[in-house]
Amino acid sequence: MKNNWKKILNELSYRVSTGIPDLSNEQHLMKLWDILKEEKWPINVRVELLKNLEEAVGKVYVQKGPGPTGAKIITGPKGGRYYMGDKKTGKPAEEPKKKVSKDKSTKSIPKGVDNILNMKHNDYKRLEPILTDDDKKQLTELKTDMGDFLKSPTKEKAETLVKKYDLSSNTGKTKKLYIGSISGAAYKVLGQGTSVGHMVKQIETALGKPISSGKKVKGQHTRAGEFTKPQDENLGNPTTAADSKFVNDFYNPDNNPSFDGFEEKYRKLYIAKDKDGNELIPSNKYADENLELGLNHLESVKKKLEQDKDMDPRITKAASEYYDEQKRILGECKGKFPSDECADKLKDAYGKYAQKLIEADPKTAKSMLKNQAEIMIYQDELARGEEVYLPAHPSYPGADKLIKNPDGIEGEKVTGISVKVGKDGSVKVMGFPTESKQMLRYHTDKKYRKNASSVPGEDGFATGIKDETIDSDEEMNNLMSESGMDEVIPNNEEYIKTIREYKEWMINFKKKHNYNGKGPLPPEARKELDNKKKEILERVNKLIDMDKLIEMTGEKNAEAITKKSPGALLAFTNYKAASKTAGGIKGLNSHTQKITDSGVKLATKPTPNNCKKLSIRTYREHEKSATARNGGLLIGVEHPEEDKGEKI
């Protein structure tokens with residue numbers, strides 16, 4: 001609350017013309033009211049605060065009449081009429097004398113802005129290692145020029161600032177100020193927030209127009225994530241089931257429940273081939289050639305990073321050094337596989353690389369390691385003699401790689417990475433949840449797969465669960481009993497009745513607004529949808545025995561499935577029923593990594609059946625953008641307690 005109040009006062013200081021809030025000034029109080037509203041303070045709290053402030057600065061309420069002689073009557077934010085005066089005597093207060101600056105042409109610079117210009121903020125500290133001497137010289141000049149402009153803004157000064165430093169801004173609500181004249185990767189060195197927003201506002205006011213956005217590029221972490229995705233251009237042409245007896249037999253449903261009913265687009269693998277195009281199988285018999293696939297992928301990542309002139313050079317350097325080291329190890333170990341010694345060398349090189357990425361930029365590291373971790377475990381298992389393959393589809397359901405053993409074929413999903421890094425030994429934790437619908441593909445009973453939608457609200461899935469299932473007393477009762485949710489919601493009949501009401505309302509809403517689960521809606525329609533979800537959710541939550549739900553799922557998970565949408569609890573019920581009846585999600589394992597100075601520890605275990613060992617993420621539905629990724633309920637696997645650290 002203290003930090004929030006400090007932020008509010010800073011924002012108020014930027015909005016008042018003097019730069020110094022005066023809580024006896026009615027216009028300043030009106031601006032404060034607006035800021036509190038934007039910060040989503042409840043109206044009763046806002047009213048009480050302003051009432052207390054008005055009393056504290058000596059305002060006296062006027063019920064009727066003009067008030068005492070000489071009193072200036074003003075109207076408060078909530079409609080009351082006041083005058084400044086002594087509450088005991090009722091005498092009007094004298095008008096406060098205004099302080100006149102010796103230099104009428106100058107303004108004071110807010111402390112927050114001063115801190116930004118003096119580079120006393122975290123974004124500068126994070127990017128300082130990649131700034132050149134020329135960059136630092138420019139930032140020193142910017143401090144002087146911006147300070148002069150803010151004290152006496154003119155159009156000419158604003159135009160000079162924008163041109164000299166190639167300044168640009170974004171179009172979002174939280175304003176950022178980009179410096180195009182310094183090293184590409186550091187153009188966001190000023191960061192964001194109210195202080196930066198103040199500078200942007202002053203420049204745009206002086207110019208009489210928005211600052212052109214010259215830095216319309218995807219975020220660094222987004223670009224880096226795209227560079228590291230496994231794809232045909234760096235792993236070779238996939239071998240499809242239609243063209244290969246081996247791949248066709250590999251995807252036999254007897255090998256894994258998920259293969260039953262698999263779409264043809266998923267039935268393909270990355271497999272090394274000889275010069276005549278013959279498959280080099282099994283992969284572990286031709287370990288040298290198949291390990292080259294991972295090296296080819298890393299070479300592609302390295303080249304793309306080097307071509308990106310706006311990429312943090314520390315990221316590029318780390319990838320380049322990792323490529324060189326991996327190439328050296330594979331050359332040194334050629335012909336020696338399977339070899340635990342060589343596998344450990346590859347693993348250690350990856351661990352050092354991961355730490356360098358985290359040190360440079362944790363957010364970018366997360367985007368890259370999510371994709372590179374799956375290549376790493378493929379190489380590690382291959383180097384140790386396992387027969388392992390990479391699926392060749394960017395959205396392959398549930399698994400990142402597939403391992404063949406005498407009992408069949410198991411999928412493996414990277415669910416989390418923890419990296420111990422830095423002089424203070426801090427731990428950065430990255431979790432990678434999976435869409436529950438994709439995990440349910442590994443269930444032998446197809447009804448659970450067909451029950452859930454990736455786009456809640458689409459035709460046939462108004463609530464996120466199949467309409468026909470919700471309409472069936474038998475199926476709903478089975479779901480409740482098979483999941484154990486009948487113990488959590490004793491009044492099943494009322495719950496099912498409420499969900500059916502929500503389903504019917506959603507169907508009518510979809511028809512009314514020509515809406516199919518995601519994309520933009522008119523403001524009034526969006527408000528209508530949000531209000532209905534809130535109403536149904538409140539009714540559903542009254543039926544829940546929260547203590548029993550927490551006992552089943554853990555407190556955080558219980559909150560996740562009861563907080564935002566009535567569809568979240570439905571999707572969880574379907575997932576829980578599937579997992580409970582099968583004794584867990586079969587054929588899909590969870591892979592976690594611990595990276596420290598002493599090395600990399602890998603752990604692969606079956607997906608937990610105990611919900612307390614899962615991390616259930618926000619239910620994504622009704623995304624505002626037509627291109628936004630929905631995905632229904634997301635399921636992650638929690639790290640062991642000792643891995644708890646700062647989440648990225």
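Reader: Where is the place of Met-119?
Author: This is a predicted model: local features need pLDDT of at least 70, side-chain atom pairs count only at pLDDT 80 or more, and totals for chains, interfaces and linings use all residues. Numbering starts from 1 along each chain as its sequence is written, and side-chain values use heavy atoms, with hydrogens and water left out. Helices (H or I, at least four residues) and strands (E, at least two) are DSSP runs, numbered from the N terminus. By these runs, Met-119 sits in the loop between α4 (111-117) and α5 (122-127).

Reader: What is the phi of Met-119?
Author: Most residues other than glycine have a negative phi. Met-119 is not a glycine, yet its phi is positive. The value is near 60°.

Reader: Is Met-119 buried or exposed?
Author: Buried means under 20% relative accessible area, exposed means over 50%, and partly exposed lies in between (1.4 Å probe, protein chains only). Met-119 has 13% relative accessibility. Therefore Met-119 counts as buried.

Reader: Where is Asp-166 found, and what is its relative accessible area?
Author: Asp-166 has a positive phi too, about 50°, although it is not a glycine. Its place is the loop between α7 (155-165) and β4 (167-169). Asp-166 is partly exposed, because its relative accessible area is 42%.

Reader: Which residue does a cis peptide bond join to Ile-281?
Author: Most peptide bonds are trans. Here the bond is cis, with omega about -5°.

Reader: What is omega for the peptide bond from Phe-337 to Pro-338?
Author: Pro-338 lies in the loop between α13 (313-332) and α14 (340-360). The peptide bond from Phe-337 to Pro-338 is cis. Its omega is near 0°.

Reader: Which residues form a disulfide?
Author: A disulfide is a pair of cysteine sulfur atoms within 2.5 Å. By this rule the count is 1. The sulfur atoms of the pair are 2.2 Å apart, and the residues are Cys-333 and Cys-342.

Reader: What is the handedness of the link of Cys-333 and Cys-342?
Author: Cys-333 is buried, at 1% relative accessibility. Cys-342 is also buried, at 3%. The angle about their S-S bond is -95°, and the link is left-handed.

Reader: At what angle do the axes of helix α6 and helix α8 cross?
Author: Axes are lines fitted to C-alpha atoms, for helices over the stretch in contact, and angles run from 0 to 180 degrees between N-to-C directions. Helix α6 covers residues 133-151 and helix α8 covers residues 194-207. Their axes come within 11 Å and cross at roughly 65°.

Reader: Which residues of α6 and α8 make the contact?
Author: Contact means heavy atoms within 4.5 Å. From α8 come Met-199, Gln-202, Ile-203 and Ala-206. From α6 come Met-146, Phe-149 and Leu-150.

Reader: How many residues of the contact of α6 with α8 are nonpolar?
Author: Ala, Val, Leu, Ile, Met, Phe, Trp, Tyr, Cys and Pro count as nonpolar, Asp, Glu, Lys and Arg as charged, and the others, Gly among them, as polar. In this contact 1 residue is polar and none is charged. The nonpolar residues number 6.

Reader: Which residues does Asn-574 touch?
Author: Asn-574 belongs to helix α25 (residues 566-582). It is buried, at 0% relative accessibility. Leaving out residues up to four places away in sequence, Asn-574 touches Leu-440, Tyr-448, Asn-451, Ala-452, Ile-465 and Leu-479.

Reader: What distance separates the C-alpha atoms of Tyr-502 and Lys-532?
Author: Tyr-502 lies in helix α21 (residues 492-513) and is buried at 1% relative accessibility. Lys-532 is 30 residues apart from Tyr-502 along the chain. Their C-alpha atoms are separated by 8.1 Å.

Reader: With which residues is Gly-431 in contact?
Author: Gly-431 is in strand β11 (residues 426-431). It counts as partly exposed, at 24% relative accessibility. Neighbours within four places in sequence aside, Gly-431 is in contact with Lys-366, Thr-415 and Gly-416.

Reader: How many residues are in the protein, and what share of them is buried?
Author: The protein has 25 helices and 17 strands. It comprises 648 residues. The buried share is 49%.
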